[in-house]
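I opened this model to look up a few side chains, the backbone and the overall fold. My entries follow in the order I made them.

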Amino acid sequence: MTSAATTHDDHHDHGPETGWMRWVTTTNHKDIGTMYLVFALAMLFVGGCMILAVRAELFEPGLQFVDPGFFNSMTTMHALVMVFGAVMPAYAGLANWMIPMMIGAPDMALPRMNNMSFWVLVFAVLLLASTLFMEGGAPAAGWTLYPPLVLQSGDNLPFAVFSVHLLGISSILASINIIVTVLNMRAPGMTLMKMPLFCWTWLITAFLLIAVLPVFAAAVTMLLTDAHFGTSFFDAAGGGDPVLYQHLFWFFGHPEVYIIILPAFGVISTIVPTFSRKRLFGYSSMVYATGSIAFLSLIVWAHHQFTVGMPLAGELYFMYATMLIAVPTGVKVFNWTATMWRGSLSFETPMLFSVGFIILFTLGGFTGLMLATAPADFQYHDSYFVVAHFHYTLVVGGTFPVFAAVYYWLPKWTGHLYDEKLGQLHFWLTAIAFNITFMPQHFLGLAGMPRRIPDYAIQFADFNMISSIGAFILGFSQLIFAYVVYQAIKGGEKASAEVWENASKMGLEWTVPSPAPYHTFTRAPEIE
């Protein structure tokens with residue numbers, strides 16, 4: 001393994017390029033991982049600004065700042081940018097950086113394809129953003145792009161559809177690369193069941209992506225032909241069915257939330273043992289739970305559609321299958337808690353974000369069980385309760401583990417320590433502001449406030465005001481994170497071999513907190 005302080009100077013695979021061309025043409029997994037992470041951070045702020053426009057509008061009743069069409073464009077674009085532009089690329093960046101190191105490989109298996117998958121992503125997101133500047137604005141049908149509403153969105157639909165295709169191509173290329181790397185390039189002695197859990201979660205996630213993305217691509221292509229080529233897949237007047245689109249979309253859309261959450265589980269399973277100074281409790285059960293979650297995620301999609309008028313037997317099946325996912329997820333939460341139990345705990349920033357994740361994600365799981373109950377879901381459906389639920393799972397599940405991972409590995413990536421006080425300030429501001437933003441939305445939803453509506457009745461005013469204030473604090477808190485990362489890259493105190501005190505004495509190297517072959521523990525992590 002090369003020195004962590006020299007992440008790219010001594011690699012042979014750059015060729016003679018220098019300056020910006022080196023970044024464009026690089027095939028080095030560390031460079032590509034860095035580009036993914038920087039791009040994800042930029043998109044976090046872009047998507048955040050979009051939703052702040054929405055929250056400013058919702059600060060009080062009435063129409064203040066934006067017209068309803070633009071409001072709906074912002075909710076749509078916010079979701080698409082956050083999911084496909086921020087969270088998924090962030091985990092792809094972590095995978096690029098860490099998987100080769102964790103399994104003892106010199107690089108990813110398919111380095112040129114790795115470069116291509118990143119640049120396809122950049123052009124896809126730019127293409128999606130370009131719809132904002134077209135006549136009629138960006139699609140305003142929600143991130144789900146449901147017909148018949150989306151078919152009225154005008155000339156921007158083909159661009160949005162092509163963007164989704166490119167995003168899918170990027171993800172599938174990255175997934176193939178991860179699968180080939182993990183299956184073919186492990187160091188001698190590292191069997192699959194000795195592999196760090198982060199590698200396991202990404203291996204399973206990659207298979208999930210390849211399984212569901214083509215279905216989404218097919219669905220949006222059918223939308224395109226309905227809009228411009230006279231077909232009637234989803235047009236009831238021509239014999240089609242708009243609910244068919246919902247089935248196709250959610251067959252992708254439900255596993256998608258697990259595609260985001262499984263690598264997060266891998267990160268948490270890496271960090272919690274380090275700061276508990278203990279081995280991860282129940283390694284093999286964690287692997288099997290991850291596989292179970294992935295399998296179950298493929299057969300529960302219609303719980304998003306309880307209100308479409310499906311047969312009672314269908315509602316019961318999807319209700320029980322959805323509740324079943326609570327079992328392997330509960331196994332994971334139990335194992336993380338058992339890992340911390342009677343451990344020698346310390347609460348540096350990565351551990352704070354990890355514990356915050358476990359608590360808040362579990363809360364999101366409980367509201368998920370409420371939504372899984374079909375009769376109750378008739379009341380909750382399309383209300384702010386649903387918005388609150390998926391932000392407790394997806395925002396906490398998507399961003400907290402990424403923040404934890406960046407703080408955890410930043411000394412390894414840069415050779416410098418980050419500012420611990422600022423890191424902790426970032427955590428507390430983020431966690432408190434997150435709850436101020438999304439906790440009131442549960443009560444708004446239970447009181448009957450529908451989502452994606454720019455105006456609302458006066459009785460919802462107080463909770464919306466609290467929620468909007470929280471959203472602005474949450475958004476601006478992330479500037480601290482950007483500054484901390486910038487500071488660590490620029491310089492600062494040098495990281496020693498034992499960044500986390502006593503960690504390597506316990507045999508808990510940064511990259512290998514789960515069972516691993518004998519030779520990985522012969523020396524401390526190399527940092528010069």
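**Entry 1: H389**

I began with the side chain of H389, where a polar atom lies 3.3 Å from the backbone nitrogen of G368. The model is a predicted one, and I read every distance here with that in mind. I then looked up the backbone oxygen of G364 and found that it lies 3.0 Å from a polar atom of the H389 side chain. H389 itself is in helix 13, which runs over residues 384-414. I noted its relative accessible area as 16%; the cut-off for buried is under 20%, so H389 counts as buried. Leaving out residues up to four places away in sequence, I listed what H389 touches: G364, T367, G368, L371 and H442.

**Entry 2: aromatic pairs**

I looked up the aromatic pairs and found 42 in the structure. I took F216 and F252 as my example: their ring centres are 4.2 Å apart and their planes stand at 5 degrees. Planes under 30 degrees apart count as stacked, so this pair is stacked. I placed F216 in helix 6 (residues 197-228) and F252 in helix 7 (residues 242-276). The pair therefore ties together parts that are 36 residues apart in sequence.

F249 and F252 are 3 residues apart in helix 7, so about one helical turn separates them. F249 is buried too, with a relative accessible area of 0%.

Elsewhere I traced a cluster linked by ring pairs, whose members include F353, Y392, F400, W428 and F481. I also looked up W23 and found R22 over the face of its ring, at 4.6 Å from the ring centre.

**Entry 3: backbone**

Which residues are joined by a cis peptide bond? I found P147 and P148 joined this way, with omega at about 0 degrees. P148 is in the loop between helix 4 (111-130) and helix 5 (157-184).

I found L145 in the loop between helix 4 and helix 5 as well. L145 is not a glycine, yet its phi is positive, at about 55 degrees. I noted L145 as buried, with a relative accessible area of 2%.

D382 also has a positive phi without being a glycine, at about 60 degrees. I placed D382 in the loop between helix 12 (374-380) and helix 13. D382 is partly exposed, with 38% relative accessible area.

**Entry 4: the whole chain**

I counted 15 helices and 0 strands in the protein chain. For 528 residues, a compact globule would have a radius of gyration near 24 Å, and the chain has 23 Å, so the two agree. I noted the box filled by the C-alpha atoms along the principal axes as roughly 70 × 50 × 45 Å.

I looked up burial and found that buried residues make up 57% of the 528. Of the contacts between residues at least 6 apart in sequence, 81% join residues at least 24 apart. The accessible surface comes to about 20600 Å², and 71% of it belongs to carbon and sulfur atoms.

Notes
Residues numbered from 1 in each chain as written. Predicted model: local features only at pLDDT ≥ 70, side-chain atom pairs only at ≥ 80, totals over all residues. Heavy atoms only, no water. Phe/Tyr/Trp six-rings, centres within 6.5 Å; stacked < 30°, edge-to-face > 60°. Helix = DSSP H or I, 4+ residues; strand = E, 2+ residues; numbered from the N terminus. Buried < 20%, exposed > 50% of the residue type's maximum accessible area, 1.4 Å probe, protein only. Lys NZ or Arg CZ within 6 Å of the ring centre and 35° of its normal. Rg over C-alpha atoms; globule rule 2.2 N^0.38 Å. Contact = heavy atoms within 4.5 Å. Areas by Shrake-Rupley, 256 points an atom, 1.4 Å probe, with all protein chains shown as cover. Polar contact = N/O pair within 3.5 Å; in protein donor to acceptor, adjacent residues only side chain to side chain.
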